[in-house]
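User: I'd like to learn how to read a model like this one, feature by feature. Could you walk me through it?

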Amino acid sequence: MPADERLTVKFWGTRGSIPVAMNSAEVRRKLIAALLRASGRTLDTPEKAEVFLERELDFAVSHTFGGNSSCVEIVTGRRDYVLCDLGSGARVFGNDVLATRGPSGNTFHAFMSHPHWDHIMGFPFFMPAYASGNRIRIYGCHADLEEAFRGQHAAPSFPVDFSRLPAAIEFVRLEPERDYEIAGLRVRPKLQHHGGDSYGYRFQGNDKVVVYSTDAEHKLDDLAEIRSFADFFRDADLVIFDSQYSLAETTSIKEDWGHSSNVVGLELCQMARAKRLCLYHHEPVSDDERIAALLAETRRLEEITRGDRRVEILAAFDGMEIAL
Amino acid sequence: MDLTQKRYADTVVLSPVGRIDHSTSEGFKAALEPYMARCAVGLDRVLLDFVRVEYISSVGLRVLMLASKQAKTQGGSLGVAALQPAVKEIFDISRFTMVLDVFPSVRDGLARLSPPALAAFDAG
């Protein structure tokens, strides 16, 4: 990696469990809120309107967190692409690659948390897989990862069988708790609690650390496990964390559902002295106002529990970029 | 962790002190256990007076959740009262105010849990 390159993280899909889309009622609600805020103002140029949107409106009114399922890109400064998961956000990512880099001659490294459908469903619509001359390496710790990918391409679920994809596609089995050097990054997978298991990844490159830890439940009474995740997150510049449920849900009706909360994410980041916590894998039921409220609450929790070091709190949205 | 206790009729008011976090939650859980064993229909009701609790972490909240489940299973009643503002915010953000019976004061808690306990409390 060139020394002057920073690590940048791009979010292509941030929704948990299943993709969602805003309906017309939600769009209308945003428009009404924006128009009411704009009343009495003269917004007669695109520039004025843009400034108004950015400065005067709440994020939940002027934007959306989006609805694609898990897909995150780590931009290393090298030519190869590095991805975490291939949920429906991978479709948008693939189209962007075609538009910016062309249809062929690209190499992709995709690190899979697990083969649940919301994490692999973007691959049948990942256009680079349909062009010869592209190379796609899919990494993971699950023995049945390739079977899951091939299965979703098979009849009667999909018309194009996996074997007919022109790109050179390889599956690479990784072992947890081992360091690998891939695409200019040092990568370490870690086993996580989730139905059928999931794996988090710690990426280190250019003196920056990004942890991708989704679809993971943390057993609060297991101090050894809590400490091992604090070590996994240690001094990270960014921790991308599954905060799908509230803490109360994960200790009651949704215990053993395999997901975590904003509260536990913050505590782990505080223990680990991580710099940034990014709330991720948003609950599909949550609308933009609800996710914005979750972000505000988590920032407040960080304030009232802060020790000698601040943790910056972010909430991922489709299209978000974080330069580290 | 020491729990000071006061009894008002059929209700035991327990008062933890300090921080309930990863280093103290096991002690809190152990101190709570004998009282939760008697938190059952026909026996005691339990009210936790949190006025001297400065902080509670996720693992401490989980202890409360387990105690609440135990109380429900046994037909008993458990409440938490007099949260400091910061602790109240932690309860709100973690949504524990939606799954536990939380009261503004010990008196409010006793009023809800047990009229005889409230009468004993008011009698001083």
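**Reading the model step by step**

Analyst: Let's start at the end of a helix: H2(B) is followed by B:Gly75, whose phi is positive, near 75°. Keep in mind that this is a predicted model.

User: What span should the 16 residues of H2(B) have at 1.5 Å a residue?

Analyst: The expected span is 1.5 Å times one less than the number of residues. For H2(B) that gives 22 Å, and the end C-alpha atoms are 22 Å apart, so the two agree.

User: Which residues of H2(B) are buried?

Analyst: To count as buried, a residue needs 20 or more other C-beta atoms within 10 Å of its own. In H2(B), the buried residues are B:Ser58, B:Val59, B:Gly60, B:Leu61, B:Arg62, B:Val63, B:Leu64, B:Met65, B:Ala67, B:Ser68 and B:Ala71. Their cover includes elements of both chains: helix H8 (247–250) and helix H9 (262–272) of chain A, together with strand S3 (18–20), helix H1 (25–37), strand S5 (53–56) and strand S6 (78–81) of chain B.

User: How many residues does each chain bring to the contact between chain A and chain B?

Analyst: Chain B brings 16 residues and chain A brings 17 residues. On the chain B side, helix H2 (58–73) and helix H3 (85–93) each supply at least two residues. The largest share of that side, five residues, comes from H2(B). Sorted by class, the side of chain B that touches chain A has nine nonpolar, four polar and three charged residues.

User: H9 of chain A was part of that cover. How many residues of H9(A) are buried?

Analyst: Of its 11 residues, 10 are buried, so H9(A) is largely enclosed by the rest of the structure. The buried set is A:Asn262, A:Val263, A:Val264, A:Gly265, A:Leu266, A:Glu267, A:Leu268, A:Cys269, A:Gln270 and A:Ala272. After H9(A) comes A:Arg273, with a positive phi near 60°.

User: Let me step back to the fold. What is the pattern of chain B along the sequence?

Analyst: Chain B has five helices and seven strands, and they follow one another as β-β-β-α-β-β-α-β-α-β-α-α. For overall dimensions, look at the principal axes: the C-alpha trace of chain B spans about 35 × 25 × 25 Å. A compact globule of 124 residues would have a radius of gyration near 14 Å, and chain B has 13 Å, which agrees. Buried residues make up 48% of chain B. Among its contacts with a separation of 6 or more, 74% join residues 24 or more positions apart.

User: And how do I read a core?

Analyst: In soluble globular proteins, nonpolar side chains tend to be buried together. Here the largest nonpolar core has 112 residues, and those with the most contacts inside it are A:Leu83, A:Val210, A:Phe233, A:Val239 and A:Ile240. Take A:Val239: leaving out residues up to four places away in sequence, A:Val239 touches A:Val211, A:Ser213, A:Phe233, A:Cys269, A:Ala274, A:Arg276, A:Leu277 and A:Cys278.

User: How is chain A divided into domains?

Analyst: The assignment gives domain 1 (8–22 + 64–323) and domain 2 (24–37 + 45–61). Their centres, taken over C-alpha atoms, are 30 Å apart. Five residues of domain 1 are in contact with five residues of domain 2. On the domain 1 side, these are two nonpolar, no polar and three charged residues.

User: Which peptide bond is cis?

Analyst: The bond from A:Ala155 to A:Pro156 is cis, with omega near 5°. A:Pro156 belongs to the loop between helix H6 (145–153) and strand S6 (168–173) of chain A.

Definitions and conventions:
Residues numbered from 1 in each chain as written. Chains lettered and ligands numbered in written order. Predicted model: local features only at pLDDT ≥ 70, side-chain atom pairs only at ≥ 80, totals over all residues. Helix = DSSP H or I, 4+ residues; strand = E, 2+ residues; numbered from the N terminus. Rg over C-alpha atoms; globule rule 2.2 N^0.38 Å. Buried ≥ 20, exposed ≤ 12 C-beta atoms within 10 Å, placed from the backbone. Contact = placed C-beta atoms within 7 Å. Core = buried A, V, L, I, M, F, W, Y, C linked by C-beta atoms within 7 Å. Nonpolar A, V, L, I, M, F, W, Y, C, P; charged D, E, K, R; others polar. Domains from an automatic or database assignment.
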